[in-house]
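Biologist: I have not looked at this structure before. Please take me through it by question and answer.

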Amino acid sequence: MIVEGEMSSNVSETDSPPEMDPTWTTTILVVPCVVVLTAGFFYLYGAIISLLSKTSVRNKVVVITDALSGLGKECAGVFHRGGSRLILCGKSWEKLEGLADELENASDPTATFPPKLVLLDFGDMDSMAAAVAEVLDCYGCLDILIFNSSMKVKAPAQSLSLETDKLLMDNNYFGPITLAKGVLPSMVSRRSGHLLLVNSIQGKIAVPFRTAYAASKHAVQAFFDCLRAEVEEFGVSVSTVNHTFISCSAAPASTSLLWPLLFSRKPGGVSPDEVTAEIIRTLNNKRKEVLIAPSLPKMAIYARSFFPNVFFAVMAAGVKNSAASENM
């Protein structure tokens, strides 16, 4: 009998389930909770940003230059859905009308305002005075002005004519600053307003074969940097958003380690919706300067400031490699 009892005791001990490690049990319970909480946080953050993007522009008079570009159309759609009073500027009246029709057909007419249209060509400086007056006449004032226009060219400096240089300066510098000067008195008198320049990273750094383009971008960057300090006391905000490039433009043919990565395909570039989201955040937070670029272009900007000789050597190597590949 004693043997049988001992055997029964051994069998029962063998059949009982093993005890789980308390650490493992805690991990199983905690990990799903962390995942759910993290997902909930990001969902809530997105909802808050979406709400802010709508409430911050509702009923605001917003001017967008070059509204017919990819970024211009994306901005127009976001601001229109947010309930802003849009003034869309562009060179083609027919295309502006088409864009306005698309916006109105895709939105609730009871919650949005029909966009107003203004012909604006920064390359035609003689028409700027009339265009500025028309922008101001649309609503009598404006709250936000987004400078989105840009003209690009890529060529060796000696191959560019002086007329081309002047045309780039008109489109990228003289046109935007003329519009800014035209609307500033209205903003200063109301002690309210926000000027936002969408500028290239080449307002901060220059690469070969873009002499005129980089010069115009450096010039307009300097103008808005100076203007920011001048108008701050009047309640007018000035912001600059510098990006690498928008869309999927092809990279220059070069085997340099740094140069092509400054202007490579995604992830080096940014999409219109990414820039638009950053514009909304910049307007909400009144940030003075934003740089949208991956780590390497940002490092190049610092290298230009702190290690200029190294930066110049890399740029020169890129030109030599490009010339060698073309001769092969």
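This is a predicted model: local features need pLDDT of at least 70, side-chain atom pairs count only at pLDDT 80 or more; totals for chains, interfaces and linings use all residues.

Modeller: Residues are numbered from 1 along each chain as its sequence is written, and side-chain values use heavy atoms, with hydrogens and water left out.

Biologist: How many helices and strands does the secondary structure come to?

Modeller: Helices (H or I, at least four residues) and strands (E, at least two) are DSSP runs, numbered from the N terminus. On that basis the protein has 11 helices and 7 strands.

Biologist: What percentage of the residues in the protein is buried?

Modeller: Buried means under 20% relative accessible area, exposed over 50%, and partly exposed in between, with a 1.4 Å probe and protein chains only. Of the 328 residues in the protein, the buried share is 41%.

Biologist: Among contacts between residues at least 6 apart in sequence, what share joins residues at least 24 apart?

Modeller: A contact means heavy atoms within 4.5 Å. For contacts between residues at least 6 apart, the share that joins residues at least 24 apart is 73%.

Biologist: How is α3 oriented relative to α9?

Modeller: Two packed helices are described by the angle between their axes and the distance between the axes. Axes are lines fitted to C-alpha atoms, for helices over the stretch in contact, and angles run from 0 to 180 degrees between N-to-C directions. Helix α3 (residues 70-81) and helix α9 (residues 272-285) pack at about 50 degrees, their axes 9 Å apart. Under 35 degrees counts as roughly parallel, over 145 as roughly antiparallel, 65 to 115 as roughly perpendicular and the rest as oblique, so α3 is to α9 oblique.

Biologist: How do the residues of the contact of α3 with α9 divide into nonpolar, polar and charged?

Modeller: The α3 side supplies Gly70, Leu71, Glu74, Cys75, Val78 and Phe79, and the α9 side Pro272, Asp273, Val275, Thr276, Ile279, Ile280 and Leu283. Ala, Val, Leu, Ile, Met, Phe, Trp, Tyr, Cys and Pro count as nonpolar, Asp, Glu, Lys and Arg as charged, and the others, Gly among them, as polar. The division is 9 nonpolar, 2 polar and 2 charged.

Biologist: How do the residues of the contact of α5 with α6 divide?

Modeller: Helix α5 (residues 128-139) packs on α6 at an angle of about 40 degrees, with the axes 10 Å apart. The contact is made by Met128, Val132 and Leu136 of α5 and by Gly175, Thr178, Leu179, Gly182, Val183 and Ser186 of α6. These residues come to 5 nonpolar, 4 polar and no charged.

Biologist: What kind of aromatic pair do tyrosine 173 and phenylalanine 223 form?

Modeller: Rings of Phe, Tyr and Trp (its six-membered ring) pair if their centres lie within 6.5 Å; planes under 30 degrees apart count as stacked, over 60 as edge-to-face and the rest as tilted. Here the centres are 6.4 Å apart and the planes at 85 degrees, and the pair is edge-to-face.

Biologist: Which helices does that pair link?

Modeller: The two residues are 50 apart in the chain, and both tyrosine 173 and phenylalanine 223 are buried. Tyrosine 173 is in α6 (residues 162-190), and phenylalanine 223 is in α7 (residues 211-231), which gives as the linked helices α6 and α7.

Biologist: Which residues do ring pairs link into a cluster?

Modeller: The whole structure holds 5 aromatic pairs. Phenylalanine 223 and phenylalanine 224 have ring centres 5.5 Å apart and planes at 75 degrees, so they too are edge-to-face. The cluster linked by ring pairs consists of Phe147, Tyr173, Phe174, Phe223 and Phe224.

Biologist: Is cysteine 141 buried or exposed?

Modeller: Cysteine 141 is in the loop between α5 and β4 (144-147). Leaving out residues up to four places away in sequence, cysteine 141 touches Val61, Leu136, Ser186 and Arg190. Its relative accessibility is 19%, so cysteine 141 counts as buried.

Biologist: What is the phi of aspartate 66?

Modeller: Aspartate 66 is in the loop between β1 (61-64) and α3, and counts as partly exposed at 26% relative accessibility. Although aspartate 66 is not a glycine, its phi is positive, at about 50 degrees.
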